[in-house]
Amino acid sequence: MNQDYGDNILTLEDVHTYYENIHALKGITCTVPKGSIVCLIGANGAGKTTTLLTISGVERARRGRILFEGQNIETLPPEKIAALGIAQSPEGRQIFSRMSVMENLEMGAYLRKDKEGIQQDMEWVFSLFPVLKDRYRQKGGTLSGGEQQMLAIGRALMQQPKLLLLDEPSLGLAPKIIERIFETIQEINKNGMTIFLVEQNAHMALTTSDIGYVMETGRIVLEDDASALLENKEVQKAYLGE
Amino acid sequence: MKKLALLTLSLVLALGIGTAAGKELKIGTLSPLTGPYAQDGTDIKQGVITAVDAFSPVKGFDNVEVLPGDSACDGGKATMAANKLINSGVDVVVGAYCSSATEPAQIPLMDAGVVQITPGSTAERLTHKGYDHFFRMPPRDDVQAWSTVEFLTKKQGVKTIALIDDKQTYTAGLTENIRKFAEDNGNLEIVAHEHITPGDSDFTAVLTKLKRISPDVIYMAVYQPEGSKMIQQARKLDVDATFMTEDAVFHPKFLEVAGSAAEGVYLTFAKAPETPERKAFEEMYKKKWNVDSIGSYAYYAYDAAMVALKAAEKCGCTDAETLSKTIRGTTWEGVSGEIKFDEKGDRELAHIIWVVKDNQFVPYWDPITGKDL
Amino acid sequence: MDFSAFILQQMVNALFLGSIYALIALGYTMVYGIIELINFAHGELFTAGAFIGVIVLSGLQQIGWVETHFVLTLFIVFGLAMAYVAVLGVALEHVAYRPLRNASRLSALLSALGMSIFLSNGMMLSQGVSDRAYPQVFGLESIDFFGAMISHSQVFIILLAFVLMVGLQFFVHRTRLGKAMRATAQNRTIARMLGINIDQTIRITFMIGPALGAAAGVMVGLYYGAVRFDMGFIFMIKAFAAAILGGIGSIPGAVLGGLIIGGIEVAWAAFLPSAWKDVTTFTVLILVLYLKPSGLLGESEADLRV
Amino acid sequence: MLGQEIKKLVIYTIFLAIIILPMLGFTGGAEFQAERAFLVFGIGVALLVLNLIVKVIRSHRPPPDHDKPSLPERIGDRLHRIPKIFTLGPLLLAAGTFPLVANNYMIDVGITCLIYVCLGLGLNIVVGLCGLLDLGYIAFYAVGAYSYSLLNLTYGFSFWAALPIGVVLGMICGCIIGYPTLKMRGDYLAIVTLGFGEIIRLVLNNWDDLTAGPNGLFGMKRPPLYYPTIEDGGLDMVTYYLTSLPGLFYFILVIAILIIIGVNRLDKSRIGRAWIAIREDEVAAELSGVPTTWLKLLAYAMGAGFASVAGAFFAAKLSYVNPNFFLFMESCIVLSIVVLGGIGSIPGIIIAGFILIAVPEVFRELEAFRMLAFGAIMTTMMIIRPEGLIPASRKKREFHRQRDEAERGPQ
């Protein structure tokens, strides 16, 4: 946990996003330092997923700025943002259910041309999630929930991103698998990838992360080192069930 | 209520008459200018315009105007178009083409006292309703069916026939009549009666079915587009039967599309008199519309307009009563032969049998005289 | 004609008609798969292909290539017709469908319907209301195959249709673009997040689908001998039924659906009162959809949404 | 900005050339008919340039305020706000006096418009309120027309006696069509209803013994009116057949007004709200206790019933029916009326009905160009105003949100 925080890979400044007339994000400001794991916790409907979708360009910020490596990306379409090096493993896994595991991973590497690099990364994903290797010819839709989650993360990794956005990787999974996934997240981070994590499982998220943000109804209400948040009384009461 | 209706009616009539005065002859056309039968519909319109060009100026009239109407082969649209023509003060309407448009258009036209001459509708009942101002240029379905059966039994001496129609008013009426005449005749057995869908292209299933039954004659009661495709498929399937068809297929397009497959097909169509008038019309039509060939309905439409123009010239009138009497009481020399109407409004005209030879329609046999041509 | 030859002949008839339906249905299925829009103008694109085919073929016949370079002539005819319709398809997508990509289903449907009316009448105004005859380059000769007559053009057309279908399957499953197309069809948002330019993929879909339709148009012209501005409609309805019967969005489904619709039509006309042929086709379609709402090879609704 | 637009213009021009020149140039023989092809091409390029100029001028103006409603919307809002008596009164007066000033042709067109308005209002229940796409709606019109014709010709039923039977038959057909489609959604529904529409037409065409097949039925009586008179000292009922066009116009006008009132009532009733709930979210509606199956069937039946009324009137007016009057294209036109008018909006449907039927009549001289323009306008309308001419207030927002998203998409 002794990483260089000075260089922020991602910065959000006063970002507002609307769904129709619903003001979903009411001025989000946060930073993700390079090489860190940052987590965003909060209750259902707080706006966590919207934050990630806004970063990826799927939802549009009506106001505010989003900087990725110093470049404004809030007006770019999702495919351009992806090309800059932001990958997302979306909520609810959303893999291509009618494509094989192999094809799903290949689609992750859609923008890449380096055949060897792709092959290497594929091996790497398979080493992270050996179960995917066993099923690489199977259709995505036939995998179990945990396997689909692994596939979604694997697919995002195949993009060789600089910043990996993970939306609720623990959702609906058995505790054992959750542990396995969070172990992997740390492993990925050790390889130098910055990770921005959104979780409801606050305990798991905060123990894994370097920095934590707490969201409530479209606003960030708390930010601190993850370890500090774990000790925070309010956080404990509201999110850690203690 | 009755009073109110009468009041409105008289008001409307007063408004309508206001526009109809003047020494002008107005000829309306009703034919499908849009939709699948637009080809024949356009031929009709062009035939009428050609006639007006040929016979203007008409003595006793300052001007002759042609008002084209689109019947779209649809009852509702046909009455609207007919009413529109009535309101523009037409004296004569040449149309409509589809019986399903002619029939509903008859009502307002006859009510308004307009002379109607159809260049294409052959359903018998159109002239059996007691309308005095309704005339028909082509021979009726039953006349055509009679000619066909005569030819097949007397000239060809065949025993079995298979019928194909596309379930349209015209084609179904025709096969029904052939059935009737064949049953009366007793020597011609109908071994199959198949139906196709108008607009379809593939008739191989039905043709294969008939090939197995192997009748002496296959009678195609369809329109030209289906007819040209059907004959080609029949040749490719090597169907060993004589093919016979009717006047809706009698169109230069049939020869063009079917090509060598059309060879030896018999058709029923009115006699084409070798008169200088016909030659002159053909030349004029081809030049005016920049075409190489003339659709068969253009002849009837030309004749219909010609009769109307000459009758108006002769009586110097535009009222339906006198005009109809003049039309009925005179024998006209038309490009489709002699035109003489009976009291119902039908022409005393019979079909002759044609055959396709060297990619040309050639007269073959006359059912009335029973002689080769 | 004995019974076995009769059956064989009807099977050939069904296979031929079914292949044409299948080829047109592929265009529907591809477009539907990717933007969930019934491309009502597909029938007109098919007709446009047939028109370009006859224009090119007549031209080449005039300079005598049909006799001297027969294979090359066919290659050029199919190539140009498909290329033309691909351009038309892209233009259509850009003008009429792209602005409505996120609008309601009905608006998109009506926009497509409007384009269908526009193109059909445009072709009527430019190419005339009557049939345009196709030069009969294959002649009327047939091969006697155990009593069934198969014409040269049929052999060629069935083979070409088969090649095109296999080619499409290869493209969609083996190439990077083809896979991107499938990904876009399954989840547009995720596809964009992975860096896929969905505008480009949709454009390519609108090239390939209509181009296949154009090929079918040229085939219809070559075999049936004529093309007319409104011939697309009846093929459209049948191919549309085929695409849905097979499970819309599924490429093997479209092929299967086409063959089944062709088969039903031929079988019914061959053995039963032919007037009820179309009634039967639609009844079978409705029954299949009632019993298996997603079509024969389609994925279930829930699956499609993932 | 300008450079980009010019680049686009060049690309569009190339596309236009590829599309137009061969199709319009080689129309008959092998020689290229340059004059016509280049004329149309020139018009196309001129339109593109005009478009560019408009765009450039627009870009120099401040961007439009998204929250401010557009002009037609404001008109729509105004219309909703004005007390009904002030809008309906003059409208009714205008409709009532129309036959007195118009000629027969105009009245005939007016009658046709009203028939289509009735059809549009009926289809609106199915498509607009309940959200079920129906491409075979014209079949019910056919059922109404044929049931009146057959009852009148075979059994001598008067219009009034045949009408309820026709409506019931139409509703039964609606249920028959509705039942298998209950589980289906969206586009499957489209093909199934299309198929049913075709089946009904083909049955009418093929069942020669009953319907006289393609010959059609003719000679039906016009709708009668009865009024009492005192003749020979006793009270007597006199039958008066509505044969004149103005009479028929008033008749269909009354039918249309009754249908408008009926649909308006339905729209605001519990059933109407339940339909809208189904349209918006069927699963949620079902979970909150809305009997969706029953209500969807009811929507089909109601829609079919209204179409039957229109059909019976059509048959009585024309005195002739033929299966070919009920082609797929007619269903498309009715659907266009509903969508162009604004899904779920009653005034919109009335206006669209008149525009779609009467305006093409005006341009009937232009024949094929008329349909060409019809197609082009339909597409253009959908692109610039997908919510219809006069959007129903509920629906308006939804359309615009989706459009914003579409605009923001990558270029």
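Visitor: Let's start with chain A. What order do the six strands of the open sheet come in?
Guide: The order is S6-S7-S8-S3-S9-S10, and the pairing is mixed. Bear in mind that this is a predicted model.

Visitor: Which strands stand at the edges?
Guide: Strand S6 (86–89) and strand S10 (219–225) of chain A. Each has a single partner strand, so one side of each is left without a neighbour in the sheet.

Visitor: How many degrees are neighbouring strands turned against each other?
Guide: On average 15 degrees, direction ignored.

Visitor: How many bridges join S3 to S9 in chain A?
Guide: Five, and the two strands run parallel. S3 covers residues 37–42 and S9 covers residues 211–216.

Visitor: New topic: chains. Which pair has the most contacts?
Guide: Chains C and D, among the five pairs of chains that touch.

Visitor: How many residues does each give to that contact?
Guide: Chain D gives 47 residues and chain C gives 52. On the chain D side, the largest share comes from H8(D), with twelve residues. By class, that side has 33 nonpolar, eight polar and six charged residues.

Visitor: How far apart are chains A and B?
Guide: Their closest C-alpha atoms lie 36 Å apart, and no contact joins the two chains.

Visitor: Okay, chain B. What domains is it divided into?
Guide: Domain 1 is 24–138 + 274–339, and domain 2 is 142–271 + 351–372. Their centres, taken over C-alpha atoms, are separated by 28 Å.

Visitor: How many residues are in contact between the two?
Guide: 13 residues of domain 1 of chain B are in contact with twelve of domain 2 of chain B. The domain 1 side has four nonpolar, eight polar and one charged residues.

Visitor: What about the largest nonpolar core? Which residues touch the most other members?
Guide: The core holds 438 residues. Those touching the most other members include B:Tyr219, C:Ala112 and D:Cys118. Helix H5 (residues 104–129) of chain D gives the most to this core, with 18 residues.

Visitor: Where does the core lie relative to the two domains of chain B?
Guide: Both domains of chain B give residues to this core, so it lies between them.

Visitor: You named C:Ala112. What is it in contact with?
Guide: Leaving aside neighbours within four places in sequence, its contacts include C:Leu37, C:Phe40, C:Ala96 and C:Tyr97.

Visitor: Last one: D:Gly25. Which helix is that in?
Guide: D:Gly25 lies in helix H1 of chain D.

Visitor: How many C-beta neighbours does D:Gly25 have inside 10 Å?
Guide: There are 19, so D:Gly25 counts as partly exposed. Being buried would take 20 or more.

Terms used
Residues numbered from 1 in each chain as written. Chains lettered and ligands numbered in written order. Predicted model: local features only at pLDDT ≥ 70, side-chain atom pairs only at ≥ 80, totals over all residues. Contact = placed C-beta atoms within 7 Å. Domains from an automatic or database assignment. Nonpolar A, V, L, I, M, F, W, Y, C, P; charged D, E, K, R; others polar. Core = buried A, V, L, I, M, F, W, Y, C linked by C-beta atoms within 7 Å. Buried ≥ 20, exposed ≤ 12 C-beta atoms within 10 Å, placed from the backbone. Helix = DSSP H or I, 4+ residues; strand = E, 2+ residues; numbered from the N terminus. Pairing = 2+ DSSP bridges. Axes fitted to C-alpha atoms, helices over the stretch in contact; angles between N-to-C directions.
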